[in-house]
Amino acid sequence: MKILFITSNRIGDAVLSTGLLDALAARHPEARFTVACGPLPAPLFAAMPGVERVIALEKRPYGRHWLLLWRRTAATAWDLVVDLRGSLFAYTVRVGRRRVLRPEAMLRHQVHRLSDLLDLAAPAPPRLWVSDAAAAEAERLVPAGAPVLA
């Protein structure tokens, strides 16, 4: 199963979307993911199991970043496209199913809105994946037993 997951350019919104991505991975453990996001949050997704590719897109005038994404993804027949940007992009590629987050007034927390997109029973909390190299670097930088404020 091939899933294209389009998330935010902003780090905070991208972090909130990680719970939804984790829920998708639990629902479809055989899935191979391509994540499209801005350059700043791109490293958040690199260590996630099942991620084949992270496409870091710089926003371009007149929405030209969507054309770049289309060029990189249109040749693939996707089983599922999840578009958290609420764009028309998911309707321009070959896909079996699509889930597009619709704009709405922020009356509920974003984690609830994202979880509703996949009809999850409970809100999907954010999840961060850490590579072995990043974990080793953290152990090197943070002394064992020392209090840490992060």
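**Note on the predicted model: a buried alanine, the strands and some loop residues**

1. Ala 90 is buried, at a relative accessible area of 0%. Buried means under 20% relative accessible area, exposed means over 50%, and partly exposed lies in between (1.4 Å probe, protein chains only). Ala 90 sits in the loop between strand 4 (78-83) and strand 5 (95-100). Its contacts, leaving aside neighbours within four places in sequence, are Val 81, Asp 83, Val 95, Arg 98 and Val 100. Contact means heavy atoms within 4.5 Å. Ala 90 and Val 100 are 10 residues apart in sequence, and their C-alpha atoms are 7.3 Å apart.

2. Basis of the values. This is a predicted model, in which local features need pLDDT of at least 70 and side-chain atom pairs count only at pLDDT 80 or more, while totals for chains, interfaces and linings use all residues. Residues are numbered from 1 along each chain as its sequence is written, and side-chain values use heavy atoms, with hydrogens and water left out.

3. Overall fold. The protein has 5 helices and 5 strands. Their order along the sequence is β-α-β-α-β-α-β-β-α-α. The radius of gyration is 16 Å, close to the 15 Å that the globule rule gives for 150 residues, so the protein is as compact as a globular protein of that length. That radius is taken over C-alpha atoms, and the globule rule is 2.2 Å times the number of residues to the power 0.38. Helices (H or I, at least four residues) and strands (E, at least two) are DSSP runs, numbered from the N terminus. The C-alpha trace spans about 50 × 35 × 35 Å along its principal axes.

4. Packing and surface. Of the 150 residues, 40% are buried. Take the contacts between residues at least 6 apart in sequence: 49% of them join residues at least 24 apart.

5. Charges. The protein carries 20 positive and 13 negative charges, and their mean positions are 9 Å apart. Lys and Arg count as positive, Asp and Glu as negative; His and the chain ends are not counted. Each charge is placed at NZ of Lys, CZ of Arg, CG of Asp or CD of Glu.

6. Strands 1 and 2. Strand 1 (residues 2-6) pairs with strand 2 in the parallel sense, over 5 bridges. Two strands pair if DSSP finds at least two bridges between them. Leu 4 has Thr 34 of strand 2 as its bridge partner. Ile 6 has Ala 36 of strand 2. Strand 1 is mostly covered, with 4 of its 5 residues buried. In strand 2 (residues 32-37), 5 of the 6 residues are buried, so this strand is largely enclosed by the rest of the structure.

7. Strand 5. Gly 96 belongs to strand 5. Gly 96 is exposed, with a relative accessible area of 62%. Beyond neighbours within four places in sequence, Gly 96 is in contact with Trp 78 and Asp 79. Gly 96 and Trp 78 are 18 residues apart in sequence but 6.5 Å apart in space, C-alpha to C-alpha.

8. Backbone angles to check. Most residues other than glycine have a negative phi. Tyr 62 is not a glycine, yet has a positive phi of about 60°. Tyr 62 lies in the loop between strand 3 (51-56) and helix 3 (64-73). At 82% relative accessibility, Tyr 62 is exposed. Asp 119, also not a glycine, has a positive phi of about 55°. Asp 119 is in the loop between helix 4 (110-117) and helix 5 (132-141). Asp 119 is exposed too, at 58% relative accessible area.

9. Asp 13 is in helix 1 (residues 11-27). Asp 13 is partly exposed, at 33% relative accessibility. Apart from neighbours within four places in sequence, Asp 13 is in contact with Thr 7 and Ser 8. Asp 13 and Leu 120 are 107 residues apart in sequence and 19 Å apart in space, C-alpha to C-alpha. Arg 108 lies in the loop between strand 5 and helix 4. Arg 108 is partly exposed, with a relative accessible area of 35%. Not counting residues up to four places away in sequence, Arg 108 touches Arg 113 and Asp 116.
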